[in-house]
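Here is a set of questions and answers on how the terms for a structure are assigned. Please look at the sequence and the model first.

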Amino acid sequence: MSVELAKEIWDELKRYVNTVDRDEAAETLVSVLIDNDVDADDIKSTFKSDSAVKSALAHYLKRSEEHTSELQ
């Protein structure tokens, strides 16, 4: 799935997600994109105007960095 298509889908569906649940939904979106080999920089640039996705990506990258440093 292209990141542009994911953004279009997110833009259409997020209005149906309760505001209190959007952060969790954004985290799931980021996880699915990363799991499908979408580059974090592509997510960041494509979703640059969406605060929930940007926050979810930052959280994902922080967790990933912490996990990597624990392995070393």
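Helices (H or I, at least four residues) and strands (E, at least two) are taken as DSSP runs and numbered from the N terminus. The model is a predicted one, in which local features need pLDDT of at least 70 and side-chain atom pairs count only at pLDDT 80 or more, while totals for chains, interfaces and linings use all residues. Residues are numbered from 1 along each chain as its sequence is written, and side-chain values use heavy atoms, with hydrogens and water left out.

Q: What makes the order of elements in the protein chain α-α-α-α?
A: The protein chain has 4 helices and 0 strands, and read from the N terminus on, its elements run α-α-α-α.

Q: How do you know that the radius of gyration of the protein chain agrees with that of a compact globule?
A: The radius is taken over C-alpha atoms, and the globule rule is 2.2 Å times the number of residues to the power 0.38. For 72 residues a compact globule would have a value near 11 Å, and the protein chain has 12 Å, which agrees. Along the principal axes, the C-alpha atoms fill a box of roughly 40 × 25 × 20 Å.

Q: Why is Val30 called buried?
A: Buried means under 20% relative accessible area, exposed means over 50%, and partly exposed lies in between (1.4 Å probe, protein chains only). Val30 has 0% relative accessibility and therefore counts as buried. Of the 72 residues of the protein chain, 26% count as buried.

Q: What does Val30 touch, not counting residues up to four places away in sequence?
A: Contact means heavy atoms within 4.5 Å, and by that rule Val30, which lies in helix H2, touches Val53, Ala56, Leu57 and Tyr60. The C-alpha atoms of Val30 and Tyr60 are separated by 7.7 Å, although these residues are 30 apart along the chain. For the protein chain, residues 24 or more positions apart account for 59% of the contacts with a separation of 6 or more.

Q: What makes a set of residues a nonpolar core, and which residues have the most contacts inside the largest one?
A: Such a core is a set of buried Ala, Val, Leu, Ile, Met, Phe, Trp, Tyr and Cys residues joined through side-chain atoms within 4.5 Å. The largest has 16 residues, and those with the most contacts inside it are Leu33, Ile43, Phe47 and Val53. H1, helix H2 (22–35), helix H3 (40–46) and helix H4 (51–71) each supply at least two residues of this core, and the largest share, 5 residues, comes from H2. Val53 touches Trp10, Ala26, Leu29, Val30, Ile43 and Phe47, not counting residues up to four places away in sequence. In soluble globular proteins, nonpolar side chains tend to be buried together.

Q: Why is the pairing of Lys7 and Asp11 called a salt bridge?
A: The term requires a side-chain nitrogen of Lys or Arg within 4 Å of a carboxyl oxygen of Asp or Glu. The N to O distance between the side chains of Lys7 and Asp11 is 2.7 Å, so the pair meets the definition. Being 4 residues apart in helix H1, Lys7 and Asp11 are separated by about one helical turn. Lys7, at 19% relative accessibility, counts as buried, whereas Asp11, at 32%, counts as partly exposed.

Q: Why is Asp37 called exposed?
A: Asp37 has a relative accessible area of 72% and is therefore exposed. Asp37 lies in the loop between H2 and H3 and has a positive phi of about 65° although it is not a glycine.
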